[in-house]
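Please look at the sequence and the structure before reading on.

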Amino acid sequence: MVRFLPEAHFASSGAGDLQLLPLRFERLDDHRYLVANLVGDILLMSAAELDRITSLAVVPGDGLYERAVSKQLIARKNQTSQLQLLGLRLRSRMAFLRNATPLHIFVVTLRCEHSCPYCQVSRRSTDRDRYDMSEETAMRGVDVALAAPMQSIKIEFQGGEPLLNFELVKKIVVEAEQRSAAIGKVVSFVITTNLALLTDGVLEFCREHAVLISTSLDGPADLHNKNRPRPGGNSHTLATTGIRRVQEILGDDRVGALMTTTEASLDRVEEIVDEYISLNLDGIFLRPLSPYGFAIKTKQFGKYDASRWLTFYERGLRYILDINRQGRYFPEFYASLLLKRMLTDRPIGYVDLRSPAGIGLGALVYNYDGKVFASDEGRMLAEMGDRAFELGDLASDDYRSLILSEKLVGLVSASLTQCAPQCSSCAYEPHCGADPVYHHATQLDPVGIKPLSEFCARHKGIFRLLFELLEGSPEDAAILRRWAAA
Ligand code: SF4
């Protein structure tokens, strides 16, 4: 009995039998190219090899044919399996679209007792009545959040400093728990706080209601206190004491910290990483400054460009890899996110880097005054007088009217990287994302002119660095693959 067709049946009869599948490439230097398929699998090729692929001058057995077929760059004309596989993988990667609006941010007050010059939210120091969210507005926010189609949602409290309006935080948590249980939904909570006002009462409430804590830590005491002034100049002491108390009472995994890179941080990345290690934090997110709020007014944004930030980032990443090589698992979180994109087809819920953009579809922001924004950065722009990302008002809108508003649909559809100039032909597009708020803020154009975009320069730099590290030392590659798998 013949169980298989003869080998000749599967052999290509030459270029006329082959088709080119969608591919994009990036020139590394005069001789080397990164060539990516539709879903971003990348092959390193010489110029001559790329020429042969695009002119289909490959035959089975020549090595290049096999590499190109395995990476779905070419297929036989009658072969549908390659296309089906690409389609399936693309669908998996875009599965985040099935999960509309998992994140709901409540700005419970704009007041803050810090006065950080890089503050992106334009905090206020006075006038409780004017800058605190009312209970009525908060309950309308809970209505809208629970109307999102997701089975499981996250409510995040931001400010200003949300602990200045902790009574309202408690009311929202209790209300959302009761109402979500009645309709079979699951809600989790995060408070983003500088920890200066942390009390036993706050910790007890967080323990009872499984509330996570997210805080800011910019590095060693002198750097942190310079970046984050407050009366008494003791922001660092309060933040580090607070982190230890949260770890002790809620558990090590219940607190995370974020750093912001200022000009003063650029030469100190090792000290910043060491500070995180000494506090037993489970990783670090090396973040650049964003172009919003006081960061613009005080000219903090613009004190360094993408190239200086990339030098800082690469030095930090290499230092972190050293630490991992010595046996301590300690990821850089942004690299981990991008590596998940580069090495797996798992959908990433990260709302700031995806296409369609995460505005509205990934998160809604309920401001203290009831205005609803498509992203946290969108409300930061509004504090600067630019209301381009304001979607509506809790007093009159519901989830449906906000998410289907012409403004949101227009902004999302205009910013797709899949068809944006420059992005549509970029090898990194499957791993990158649209950031319409950033590009609107810096170029007054939600699509952005990518050759002039610091966002684009930063991301190209990181993708290239990660690719080089993956192709370099096997030990580094193994560490990066472990981060991607986590
Ligand atoms: S923003 Fe830049 S790196 Fe990202 S997809 Fe567009 S061109 Fe590529």
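## Cysteines

C112 has a relative accessibility of 12%, so it counts as buried, where buried means under 20% relative accessible area, exposed means over 50%, and partly exposed lies in between, computed with a 1.4 Å probe on protein chains only. C456, at 14% relative accessibility, is therefore counted as buried too. A disulfide is a covalent bond between the sulfur atoms of two cysteines. When a disulfide is taken as a pair of cysteine sulfur atoms within 2.5 Å, the count comes to zero disulfides.

## How the model is read

This is a predicted model, in which local features need pLDDT of at least 70 and side-chain atom pairs count only at pLDDT 80 or more, while totals for chains, interfaces and linings use all residues. Residues are numbered from 1 along each chain as its sequence is written, and side-chain values use heavy atoms, with hydrogens and water left out.

## Domains

The domain assignment, which is automatic or taken from a database, gives domain 1 (18-93) and domain 2 (100-331 + 352-403). The C-alpha centres of domain 1 and domain 2 lie 41 Å apart.

Strands (E, at least two residues) and helices (H or I, at least four residues) are DSSP runs numbered from the N terminus. In strand β7 (residues 152-158), five of the seven residues are buried. Two strands pair if DSSP finds at least two bridges between them; β7 runs parallel to strand β6 (residues 103-107), with five bridges joining them, and K154 in β7 is the bridge partner of L103.

Strand β8 (residues 186-192) also runs parallel to β7, to which six bridges join it, and I191 in β8 is the bridge partner of F157. Between β7 and β8 the chain passes through helix α6 (residues 166-182), in a β-α-β crossover that is right-handed, a word used if, with the strands pointing away from the viewer, the path from the first strand over the helix to the second runs clockwise.

## Aromatic rings

Rings of Phe, Tyr and Trp (its six-membered ring) pair if their centres lie within 6.5 Å, and planes under 30 degrees apart count as stacked, over 60 as edge-to-face and the rest as tilted. The whole structure holds 12 aromatic pairs. Among them is the pair of Y131 and Y368, which is tilted because the planes stand at 55°, with the ring centres 5.8 Å apart. Y131 lies in helix α4 (residues 128-131) and Y368 in the loop between β11 (363-366) and β12 (371-373), 237 residues apart, and both are buried.
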